[in-house]
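Subject: Structure handover

Hello,

Here is the structure you asked to look at. Please open it alongside this note; my findings follow below it.

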Amino acid sequence: MMFTIEEINNSTEILPGISLGYKIYDACANIPRSIKAVLDLVNGQDNEFNSDMSCTKQSSVLSVIGQTSSSPMIGMATTIGPLRVPVISHLASCACLSNRKEFPSFFRTVPSDYYQSRALVQLVKHFRWTWVGAIRSDDDYGNSGMSTFVHTALQEGICIEYSESFSRTDPKKKILKVIEVIKQSTAKVIVAFMAQGEMAILMRELLLQNITGLQWVGSESWITARNLATDNGFKVLGGAIGFAIVSAVIPGLREFLLQIHPSDKPDNMFVKEFWEIVFGCSLTAQIGAEIKNPCTGNESLTEINNPYTDVSELRISNNVYKAVYAVAHSLHNLLVCEDRNNPISIKKCWNQINLEPWQVLQYLKGVNFTTKIGERVFFDENGDPTARYELVNWQLNKNGATEFVVVGYYDASYPEGQQFKMNNISIIWTDNQHQVPTSVCSTSCLPGTRKAVQKGKPICCFDCIPCAEGEVSTKTDSTDCIKCPLDYWSNVKKDQCILKNIEFLSYGEILGMTLVTFSLIGAAVSVSVAVIFFSYRDTPIVKANNSELSFLLLFSLTLCFLCSLTFIGVPSDWSCMLRHTAFGITFVLCISCILGKTVVVLVAFRATLPGNNMMKWFGPTQQRISVCCFTLIQVMICTLWLILSPPSPSKNIQSYKEKIILECDLGSKIAFYTVLGYIGLLSAMCFLLSFLARKLPDNFNEAKYITFSMLIFCAVWITFIPAYISSPGKYTVAVEIFAILASSFGLLLCIFAPKCYVILFKPNKNTKKHLMSKN
């Protein structure tokens, strides 16, 4: 402050011809002493201990610079606020001081903790620390800053395991209680919103109990404190990281500091004490006593390297520098009557002798200037500067000394999301580690799982529950699993929705190829039998077994074998309509032919009785008509089915969650059951009639073979029903094809195999005599 005032007084650009004076009081960071000091300043009292003088004199100061800490500053600002004396603090950062209604004359050159608390949250979030401890000074600075930090941290999903506070005046047992909490906690990161005094006490106790290995995150009050950054301090706080006031280099300050000498200020007790401590000598002249290590007067501060002579990182000092210049610029604008809205208007209009603090206050609100080092200074509507911080990290340099390395920045003037930035500088963490420490209550839930909060614990303590089938989570620490779309299913890891397997009976798989092979074999055998019958059409065995119906039956069996092919492959509109209708019509045609043959056999034996003329009603024409009528009924049923509610391809996603079954929707189930019922009715009639005719006397009784064939046919389709219902997916279609093939082969072999055997291998039995014989 003294340097800055001297620099201003020697300047010709600001306040030319006017010199600034000052008074400096030491309030010892004590609230009552701070209030007493500021009252003495505004009332012009030279003796700060004289309490008998009334506060009736005109203010002797136009502005007050100070205090360092927030609680004394609140007392000062509250006291002189009604007097409208401007107060500029260089380090009181409590966000509560931004309340213009309570502190109308307060300004500061240090950013409000409103921004620092949020910057600390961004820092913790950046390194993914979700489980942290919190320690604060038990004063306005610590309580207000930590309150904002905790509130903002919870919004960002960061949990506070504990929040402890203490003051430097608290008994030791209170400090030990805080130490015990730290020892018992599981959080590896501690955010310390503390003043230097409390931090020094805490550090000493941690060192005594050898508590190391914790990652400390500090506030601007202590993170660059040289009195903490000792060898012992580094054992506890090494690798600490936190936001600090932006550093600066003030030209000429080092030279000003080095010219201090006791001979120039013989009455300054502070200089005397400082000199004796630095050089280890004594300036006191004692009569009759030998002085140990007397000062020679030739000692020079240029040979000393200590925090006093180190001006490489001026942070708090730079805030004092800006505060004094802010007052000077306000006075300058006031004396030249520079209108804040019209800077060109310059004229003398104020009485330079009787200036009032409220006049300085008005101009201080609009001050806007740039320092010698290029830093712009102005105050917002709350008296706060733009919030800018440097992110510093405690590292050891080559000499083994603690160095505050700038590893990032925070600038609140930037848009949201761009305020916090890291440099490309490696960070040294606690215990000299290069890897970012981990501090979580529960490890992150990987994709494919979701978080389930543990009962009675903060949201950061959770269990990882695997997603259910058909659900996925694609992000780390997902709170919910998302259901996959209908056509998709979750993969094995449950972190991605993949297309469901589409299942249908295809020609390319073994089952499909097997069924196709048997279908073609059946059709080929049917055609071969037809060729044999055609070749031996004039033989007795062919003639005796109603060759016309036999050829029609073989034709229908061929169609039965071939219609099974429509059940294989991707279902389409035409295949779905064709497969069931073709199946229903061909089987009715087949059963109708067998029914006709059975009736002919039965009637033929009845016709041999004397006086029986029934055979005229079952001649070839009547047989054709009966077959056509029976088949026409099924055709009409199928036609109505196709018109009213035809079968159509569909995706079955209900039967199986993990795959899609491509199948044919029956459309009208009543029509389907009617088709099957009609086939069953004809089959039952045919079986009954053939059963009645099985023992008719004949050397070659076809009714007996028809009975066996219908027995197989009915058995196949009766067992088909439960197998069809219980078969999964494509096997439902395979069961239906198997039933078609089995029943068709049963009819073909039972009815035609004996005939073909006789025709090809026993031609001696293929005679009319043999057929007519009783044996």
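Contact here means heavy atoms within 4.5 Å. Axes are lines fitted to C-alpha atoms, for helices over the stretch in contact, and angles between N-to-C directions run from 0 to 180 degrees. With that in hand, look at helix α3, residues 70–80. Helix α3 lies across β1, β2 and β3 and runs at about 165° to β2. Please keep in mind that this is a predicted model.

The sheet under discussion

Three strands make up an open sheet, ordered β1-β2-β3, with parallel pairing. Its edge strands are β1 (64–65) and β3 (106–108), and each of them pairs on one side only. β1 pairs with β2 (residues 87–89) in the parallel sense, over two bridges. Which residue of β2 is the bridge partner of Ile65? That partner is Ile88.

The chain as a whole

The chain has 775 residues, and 47% of them count as buried. Its secondary structure comes to 21 helices and 22 strands. Take the contacts between residues at least 6 apart in sequence: 65% of these join residues at least 24 apart. The accessible surface comes to about 39,200 Å². Carbon and sulfur atoms account for 58% of that surface.

Disulfides

How many disulfides does the structure hold? There are eight. I looked at several of them, including the following.

- Cys281 and Cys295 are joined, S to S 1.9 Å. The torsion about their S-S bond is about 90°, so this disulfide is right-handed. Both cysteines sit in the loop between α10 (269–279) and α11 (316–335), 14 residues apart. Cys281 and Cys295 are both buried.

- Cys445 and Cys464 are joined, S to S 2.0 Å. Here the torsion about the S-S bond is about -95°, so the disulfide is left-handed. Cys445 lies in the loop between β13 (420–422) and β14 (449–453), while Cys464 lies in strand β15 (residues 462–466), 19 residues apart. Cys445 is buried, at a relative accessible area of 0%. Cys464 is partly exposed, at 35% relative accessibility.

- Cys484 and Cys497 also form a disulfide, with sulfur atoms 2.0 Å apart. This link is left-handed, with -90° about the S-S bond. Cys484 is in the loop between β17 (482–483) and β18 (488–490), and Cys497 is in strand β19 (residues 497–499), 13 residues apart. Is Cys484 buried or exposed? Cys484 is buried, with a relative accessible area of 12%. Cys497 counts as partly exposed, at 25% relative accessibility.

Other cysteines

The cut-off for a disulfide is a pair of sulfur atoms within 2.5 Å. Cys563 is buried, at 5% relative accessibility. Cys756 also counts as buried, at 10% relative accessibility.

Best wishes

Conventions
Residues numbered from 1 in each chain as written. Predicted model: local features only at pLDDT ≥ 70, side-chain atom pairs only at ≥ 80, totals over all residues. Heavy atoms only, no water. Pairing = 2+ DSSP bridges. Helix = DSSP H or I, 4+ residues; strand = E, 2+ residues; numbered from the N terminus. Buried < 20%, exposed > 50% of the residue type's maximum accessible area, 1.4 Å probe, protein only. Areas by Shrake-Rupley, 256 points an atom, 1.4 Å probe, with all protein chains shown as cover.
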